Amino acid sequence: MTDLIRWFDTRRSPIEMIERLFEGDVAASGIRVEQLVEGTTLVVRAELPGIDPEKDVEITLGEGFLEIRAERQEKKEQKDKGSHRSEFRYGSFVRRLPLPDTVQRDDVSASYKDGVLEVRAPIPEKVQPSSAHKIPITRE
């Protein structure tokens, strides 16, 4: 058992082992998001590090929802004198969020910077139904 632990410890640092342990939990839960309203704009920020947003992300607006789909493929290789180590990770993630009915689809925009996808959706003020009023008729 001691030989196994010694071999395992030489392959990964303790910090890397802890990170990998928690990465499994994040992958299982989907995409982490932050949703807030800035003035009259709904802002959704999604944590998507290490992906190419042009190839690996799809944003869909449906009736009353916003869906973010992402796919990650990562491969690492380490070649040292006398050894070769290769790792890969891949997976698909999806998150569906409710949207107010008043969101104007044509005004929704998305940007990606430093591993964070930001979707901005202007929310027009709700139109209040006006009270009934009489329209006068004029003679011509």
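**Strand pairing and salt bridges in the predicted model**

In this predicted model, E58 stands opposite R69 in β4. This pair sits where β3 meets strand β4 (residues 65-80), and the two strands run antiparallel to each other over six bridges. Both belong to an open sheet of three strands, arranged in the order β3-β4-β5 with antiparallel pairing. At its edges lie β3 (57-62) and β5 (83-98), each of which pairs on one side only. From one strand to the next, the twist averages 10°.

Strand β2 is mostly covered, as five of its seven residues are buried.

Turning to charged side chains, the count comes to eleven salt bridges. Side chains of opposite charge can pair when their charged atoms come close. One of these salt bridges connects R105 with E63, with 2.9 Å between the closest N and O atoms. The pair links distant parts of the chain, 42 residues apart: R105 lies in the loop between β5 and β6 (109-113), and E63 in the loop between β3 and β4. R105 counts as partly exposed, at 42% relative accessibility, while E63, at 71%, counts as exposed.

Another salt bridge is formed by K55 and D52, whose closest N and O atoms are 3.9 Å apart; the pair meets the criterion because these atoms fall within 4 Å. K55 is exposed, with a relative accessible area of 67%, whereas D52 is partly exposed at 28%.

E118 forms a salt bridge with R120, and 3.3 Å separates their closest N and O atoms. E118 has a relative accessibility of 18% and therefore counts as buried, the cut-off being under 20%. R120, by contrast, is partly exposed, with a relative accessible area of 27%.

Methods:
Residues are numbered from 1 along each chain as its sequence is written. This is a predicted model: local features need pLDDT of at least 70, side-chain atom pairs count only at pLDDT 80 or more; totals for chains, interfaces and linings use all residues. Side-chain values use heavy atoms; hydrogens and water are left out. Two strands pair if DSSP finds at least two bridges between them. Helices (H or I, at least four residues) and strands (E, at least two) are DSSP runs, numbered from the N terminus. Axes are lines fitted to C-alpha atoms, for helices over the stretch in contact, and angles run from 0 to 180 degrees between N-to-C directions. Buried means under 20% relative accessible area, exposed over 50%, partly exposed in between (1.4 Å probe, protein chains only).
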